[in-house]
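This report goes through a few local features of one protein chain. Please look at the sequence and the structure first, and keep them in view while reading.

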Amino acid sequence: RGHERSRQMEKLRQRIERVVPREAPLIVAGDFNDWRQRATHELAHPLGLHEVFELVRGRPARTFPATWPFMTLDRIYVRGFKVPVAHVHHGRAWARISDHAPITASLVPL
């Protein structure tokens, strides 16, 4: 549920704020089940993170379901990196691995 996801993002944000220096490079990635893009406002913006597909392509990647992705549930957030390439892996072989299409990005430290 949305309320539970918001609470989880708040706990993650608080933990990162406690243990990771504000100027340190950071990568936070995973299945956020975030079709409303709340993670960007609740987690990424307060931590100074940017979503790699938004940087490269202007919008988050469609990753679910893997066989015909139309929902944007998965994210890679970064700070302290340039992102020259971000890619969604489509196809039957990838869909056998997970119900989400895998995403990858090339990162170059700033």
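## A pair within the helix α1

Arg-7 and Glu-4 both lie in helix α1, which covers residues 2-19. They are three residues apart, about one turn of the helix. Helices here are DSSP runs of H or I with at least four residues, strands are runs of E with at least two, and both are numbered from the N terminus. The model is a predicted one, in which local features need pLDDT of at least 70 and side-chain atom pairs count only at pLDDT 80 or more, while totals for chains, interfaces and linings use all residues. Residues are numbered from 1 along each chain as its sequence is written, and side-chain values use heavy atoms, with hydrogens and water left out.

Arg-7 and Glu-4 form a salt bridge, and their closest N and O atoms are 2.9 Å apart. A salt bridge means a side-chain nitrogen of Lys or Arg within 4 Å of a carboxyl oxygen of Asp or Glu. By this rule there are three salt bridges. Arg-7 has a relative accessible area of 41% and is partly exposed; Glu-4, at 31%, is partly exposed too. The cut-offs are under 20% relative accessible area for buried and over 50% for exposed, with partly exposed in between (1.4 Å probe, protein chains only).

## The other salt bridges

Arg-13 and Glu-17 also form a salt bridge, with an N to O distance of 2.9 Å. These two residues are four apart in helix α1, so about one helical turn separates them. Arg-13 is buried, with a relative accessible area of 18%, whereas Glu-17 is partly exposed at 41%.

Asp-34 forms a salt bridge with Arg-75, and here the closest N and O atoms are 3.3 Å apart. This pair links distant parts of the chain, 41 residues apart. Asp-34 sits in the loop between β1 (26-31) and α2 (38-47), and Arg-75 belongs to strand β3 (residues 74-79). Asp-34 is buried at 4% relative accessibility, and Arg-75 is buried at 0%.

## The sheet

In what order do the three strands of the open sheet lie? The order is β1-β3-β2, and the pairing is antiparallel. The edge strands are β1 and β2 (50-51), each of which pairs on one side only. Two strands count as paired if DSSP finds at least two bridges between them.

β1 and β3 are joined by six bridges in the antiparallel sense.

## Backbone angles in the loops

Most residues other than glycine have a negative phi, and most peptide bonds are trans. Some places in this model depart from that pattern, and they are listed below.

The loop between β1 and α2 holds Asn-33 and Gln-37. Asn-33 is not a glycine, yet its phi is positive, about 45 degrees. Gln-37, also a residue other than glycine, has a positive phi near 60 degrees. Asn-33 is partly exposed, with a relative accessible area of 32%, and Gln-37 is partly exposed at 27%. Elsewhere, the peptide bond from Phe-64 to Pro-65 is cis, with omega near -10 degrees. Pro-65 lies in the loop between α3 (52-57) and β3.
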